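Q: I should like to learn how to read a protein model, feature by feature. Could we look at one together?

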Amino acid sequence: MRWLRNPDLYAGYAFILPWLIGLFVFSLFPIFFSLYLSFTDYDILSSPEWIGLGNYKEMFTDDPRFVKSAKVTLLYVFVSVPLRLSFALGIAVLLNMKLKGSSILRSFYYLPTLMGGSVAVIVMWGQLFGMNGAFNSLLKSLFGIQVSISWITDPSTALGSLIALSVWQFGSAMLIFLAGLKQIPASLIEAAKVDGAPAWQRFIRITLPLLSPVIFFNLVMGIIGGFKVFSEGMILTGGGPHDQTLFYVIYLYETSFRFLHMGYGSAMAWVLLLAVCLLTALVFRSSSLWVHYESKGNG
Amino acid sequence: MQRIRWIGVLAGILLIAVLAGYGYSLDLKDKEASASRTSSEPVITLRMTYWAGSQLTIDKNTAVIALFEQAYPHIKIEAESISGEAYDDRLIVMAATNSLPDVVRIDYSNMARYAKKNLLLPLDPYIIDQTIDLEGVHPVYNAGAMVNGKQYGLNIGNNALVMFYDKELLEEAKVKPPTSHYSWEQYENDLRAVKNQTGRYGDTHLTQQHFRVWLRSNGVSLYNEAQDGLGYEDDRLWIEFFTRQLRWQREGLLTPLSQELETRNLEDGPFPRGQTAFGGYSYWSNQIDILEKELDKQVGLAPYPGAGGHGMFIKPSFFHSIAKSSKHPYEAALFINFYTNNLDAAKSLNAYFGVPYNPKVIKGLQETFTDTQRNVLAYLSQVEKDGSLIDPPDPIAGPAINQLYKSISNEILFERISPEAGAAKFRMEASAWLEVKSD
């Protein structure tokens, strides 16, 4: 029991006390309460009723909208994440070349991300790509094409326009790539140049492998963020038209707060957590095949 | 070393204490500020929530609150407005966390549910002691808030669904303004005439409200009496309803659906922008102020096409209820009575939240009513004469069914599935919600 008398311990805990209280009261308690709720039928106004695995069973056997929302979200993640990363990487490589004004351009490209998550930008996106939006009038004045669809609310383009919104917010991934590019020793590139390797070969053989830890990081963050996508869909499309943009979390919200099936919504949240964990684990597993750590290579 | 660590602990505790003290003093400052306003009587603050689909709604509500605070200086009202579907979500969260405001503005469809869950205070004692004055008021106007023999809410004003129309555009198209018992055939001809004569669209697509009125005019309803299944047997009603719209859509008589889906608030949308001659949408009669303000001209009011003899109905725009958890129910009762029955409040509102029904208020308003209000009043008495009683409040599964309707309606109108397939899908999925998930 000597540790009890150790003032170090008290000092440490005293300092992190506010954070600890926050963790227990506002994070851990709700998380485990929702685990409990996921095994109940709970309509918010009455007390929860234990139904065992009923919610989980219903989800996988008897709910077409659950399946639809899972499909929409997977499609969104698998298309938007690679697109955004390649876009971010491309711009980062361009900015890494020592061009005049590249620092101004850098801040410029980061702007959309700064404003990114805000509701105002999402609403603006809706107006740009609306029926009478700037995009359609641009098409008309530049190419003389008269387009009379709303990219946001037409079922064939709705998901695409939300993916475009996510690609447009490439700034933070770009900055991380840029930092990674700066780390690559110029000597390696120069050596390859001397040996006569063309630019594309230098990029594929040297830059990409040395950048792979950064790509890995961005990929993991992108996947996790992609599964949690909510506000864009909620504000622009509300999950419509006819569930074409019904993201998982939108359906979760609808079920919990609009249809008052809080138990079912909680179960959905846990399934989402498991799915994200599983996919992240897969990416980590695969990393030994393609992620190259410089220190290991040298060591 | 030891000493330095103890200093660290003390510093940490001190920091927390200082921060907490600062927070508390901020709190105090707030209380002092409000207390200094009236030194004699303690100020009572009531919270209220209300639904607002436009800035005009907020302004109108704020004006009534100002009048009330003038009349009762010791009561202060803190009002919070929430727009769109989020209103119901917020109320339910407040209810679950026992933090409902003193005065809750609550829709007909939710009234019974909240009352049955014991969240609201019965108003009967205040009606008996005349804090809430219902003398001479016909009970039918407050029947929607009568649950198990007790009165749980006070109707703010009466409403009806309405199809607005642009008088000038109809004249230009040489179309006679619609009257009661307006038929689908006449409506279709009129849409076509508008398109041909003016080049504008006839109307927006029909909504779930139209479908429900159409069912009512055929003597059935969306839900059966027990609310554990759909209330109509014959899917031809659904098929006919959508086949018509597809025909008009192909002829270009209706605004493009994807444009309608962009509509975000009441000021928005094809009708207030002058793009259509008819404004069906799912407008309620009290929204006339917003539309006339946008169009800058008077609009006409007509019942839905195909509404027949039973379709239309009168609905309370909203009820005011008092939360069971309220610490100042008497003051809340004063407020909700003021809102509905005070002549100054009624003059300021000018029937914005529906037409008043208290005979004393109506009498007092006669001189100040504008043409618009007279038109609404005339329209409502026509609906009262031609229509029938409102359907019972929706079952618990109501929001899910509404979502389902919207989704399948879009699927049909974007021509992804046929009306027949849509009818079957709606019946199957709606029945599943109603059978399993209603209680």
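Q: Is T255(A) buried or exposed?

A: Please keep in mind that this is a predicted model. A residue counts as buried when its relative accessible area is under 20%. T255(A) has a relative accessible area of 2%, and is therefore buried. The residue is part of helix α12 of chain A, which spans residues 248-258.

Q: Which residues is T255(A) in contact with, leaving aside its neighbours within four places in sequence?

A: The contacts of T255(A) are L260(A), H261(A), Y264(A), G265(A) and M268(A).

Q: Which residues of strand β12 of chain B are buried on each side?

A: Strand β12 of chain B covers residues 319-322, and both of its faces are covered. F319(B) and S321(B) are buried on one side, while H320(B) and I322(B) are buried on the other.

Q: How many bridges join strand β3 of chain B to β12(B), and how many join strand β6 of chain B to β12(B)?

A: Strand β3, residues 103-106, is joined to β12(B) by 4 bridges, and the two run antiparallel. Here I106(B) lies opposite F319(B). Strand β6, residues 154-155, is joined to β12(B) by 2 bridges, also in an antiparallel arrangement. N155(B) has F319(B) as its bridge partner.

Q: Where in chain B does pLDDT stay under 50?

A: Where pLDDT is low, the predicted coordinates should not be read in detail. In chain B, this value stays under 50 over residues 28-38, for which the model has 4 contacts beyond four places in sequence. For chain B as a whole, the mean pLDDT is 86, and 90% of the residues reach 70 or more.

Technical notes:
Residues numbered from 1 in each chain as written. Chains lettered and ligands numbered in written order. Predicted model: local features only at pLDDT ≥ 70, side-chain atom pairs only at ≥ 80, totals over all residues. Heavy atoms only, no water. pLDDT = per-residue confidence, 0-100. Contact = heavy atoms within 4.5 Å. Buried < 20%, exposed > 50% of the residue type's maximum accessible area, 1.4 Å probe, protein only. Pairing = 2+ DSSP bridges.
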